[in-house]
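This briefing walks through one structure topic by topic, for a reader who is meeting such descriptions for the first time. Please keep the picture in view while reading.

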Protein chains: 2
Amino acid sequence: MQSNYPVALTRLIHHLMQLPGVGPKSAIRMAFHILNMPEKNVADLADVILKAKNDIGFCKNCINLSEDEICSICDDYKRESAIVCVVESPRDVNAIEATNEYNGLYHVLHGLISPMDDIGPDDLHISELLDRIDASPIKEVIIATSPSIEGEATAMFLAKLIRPLGIRVSRIAYGLPMGSDLENVDEITLGKALSGRQEML
Amino acid sequence: MQSNYPVALTRLIHHLMQLPGVGPKSAIRMAFHILNMPEKNVADLADVILKAKNDIGFCKNCINLSEDEICSICDDYKRESAIVCVVESPRDVNAIEATNEYNGLYHVLHGLISPMDDIGPDDLHISELLDRIDASPIKEVIIATSPSIEGEATAMFLAKLIRPLGIRVSRIAYGLPMGSDLENVDEITLGKALSGRQEML
């Protein structure tokens, strides 16, 4: 990008271009927008960025994003603690919560098994899931990974691991179109897929 | 946006959505990207945002963005200081600089006359331009505002103001964009291209 903008502006543009989906043109638009924002709002923007990074960690129990040691879902005594829904990412937790169809707990793997990308079971938070199963009376594990190759492989792997422990393992129903992304599915489809889950035998 | 993300994350998403061209989905993608960035890079991002806002002001002479009192273009003794190109915004300066066709100075109006938006000549940096004409031996003012209604109105206004001072006032040429198709160009542009034809020598 040829530019004779002030150094501080060029640097801002380059940093904005590191964000996903931001090309040179949008980075320039955003940078100028930031320059034109009131000083207080710019300070707020910088602050929320730092705060988000500093304050947000992972729930010790379900590995979902959390500002506290135990997240608000795990900490909610009104939820069915005997059911655990296993998902790929915190975004999926949010998507399922939005359906209002589910009242159990979650477990976030933070990835899927993907030999192509050199991601094996040990790279996911599976041992924490086994620890939970060991420590608390879990009756059912719902595997809600995406219906992609990696999601299926992860589901199979988990089912093989957990079924022998005498726990019901179910898979989110195939109401989802194959090859889609869990987080982009509309809430009704996702809700149907949850309620129509099938036991993995 | 329904969300059970941690407060710090929701706040970050909302702030990112204030940026131009950023909807909820991209804000979420960006926010997660930021959460996954190394701590140092996040600190850098927050820092460049603050730095850009704090360090960048306007050149006293041409009102272009500048970290110094006088910008690097006005300060460059190799440039033709007798020619001033008047533009709407700092982005236009950058666009013209990228052509490598221009070696004079600039004057940034920071807007165009637009009665619809209640922007009159007094809202633009026109008095500073007149001060410059008064103080230095300027021979030509090139008006390079966009060929829009507002750009034209501003050009007319400036021409009427500056021509009586005995200074040559020119307007950037209208014509066909390079690489365009004659049949796809709108009639007004084509008409302007015809009437503004140049002798081939």
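This is a predicted model: local features need pLDDT of at least 70, side-chain atom pairs count only at pLDDT 80 or more; totals for chains, interfaces and linings use all residues.

Lys51(B) and Asp47(B) are about one helical turn from each other, because they stand four residues apart in helix α3 of chain B.

**Salt bridges**

- Lys51(B) and Asp47(B) are joined by a salt bridge whose closest N and O atoms are 3.7 Å apart; Lys51(B) is partly exposed at 36% relative accessibility, and Asp47(B) is partly exposed with a relative accessible area of 36%.
- In chain A, a salt bridge of 2.7 Å, N to O, brings together the side chains of Asp44(A) and Lys40(A), which are four residues apart in helix α3 and therefore separated by about one helical turn.
- Glu140(B) is buried at 16% relative accessibility, while Arg168(B) is exposed at 55%.
- Over all chains the count comes to twelve salt bridges, but between chain A and chain B it is zero.

**Helix α2 of chain A**

- Helix α2 of chain A covers residues 24–36 and reaches 18 Å from its first C-alpha to its last, close to the 18 Å expected.
- Its buried residues include Ala27(A), Met30(A) and Phe32(A), and what covers the buried residues of this helix includes α1 and α3 of chain A as well as α2, α3, β2 and α4 of chain B.

**Rings**

- Among the four aromatic pairs found over all chains is the edge-to-face pair of Tyr5(B) and Phe32(B), with 5.6 Å centre to centre and 75° between the planes.
- Tyr5(B) lies in the segment before α1 of chain B and Phe32(B) in helix α2, so the pair ties together parts that are 27 residues apart in sequence.
- Arg91(A) lies over the face of Phe32(B), at 4.5 Å from the ring centre, and the charged end of Arg91(B) sits over the ring of Phe32(A), 4.6 Å from its centre.

**Contact between the chains**

- The contact takes 54 residues from chain A and 53 residues from chain B, and the area buried between them is about 4800 Å², with carbon and sulfur atoms giving 68%.
- In chain A, Ile49(A), Lys53(A) and Arg91(A) lose the most area to chain B, together 13% of what that side buries.

Key
Residues are numbered from 1 along each chain as its sequence is written. Chains are lettered from A and ligands numbered from 1 in the order in which they are written. Side-chain values use heavy atoms; hydrogens and water are left out. Helices (H or I, at least four residues) and strands (E, at least two) are DSSP runs, numbered from the N terminus. The expected span of a helix is 1.5 Å times one less than its number of residues. Buried means under 20% relative accessible area, exposed over 50%, partly exposed in between (1.4 Å probe, protein chains only). Contact means heavy atoms within 4.5 Å. Rings of Phe, Tyr and Trp (its six-membered ring) pair if their centres lie within 6.5 Å; planes under 30 degrees apart count as stacked, over 60 as edge-to-face and the rest as tilted. A charge sits over a ring if NZ of Lys or CZ of Arg is within 6 Å of the ring centre and within 35 degrees of the ring normal. Buried area is the accessible area (1.4 Å probe) that two parts lose on being put together, summed over both. A salt bridge is a side-chain nitrogen of Lys or Arg within 4 Å of a carboxyl oxygen of Asp or Glu.
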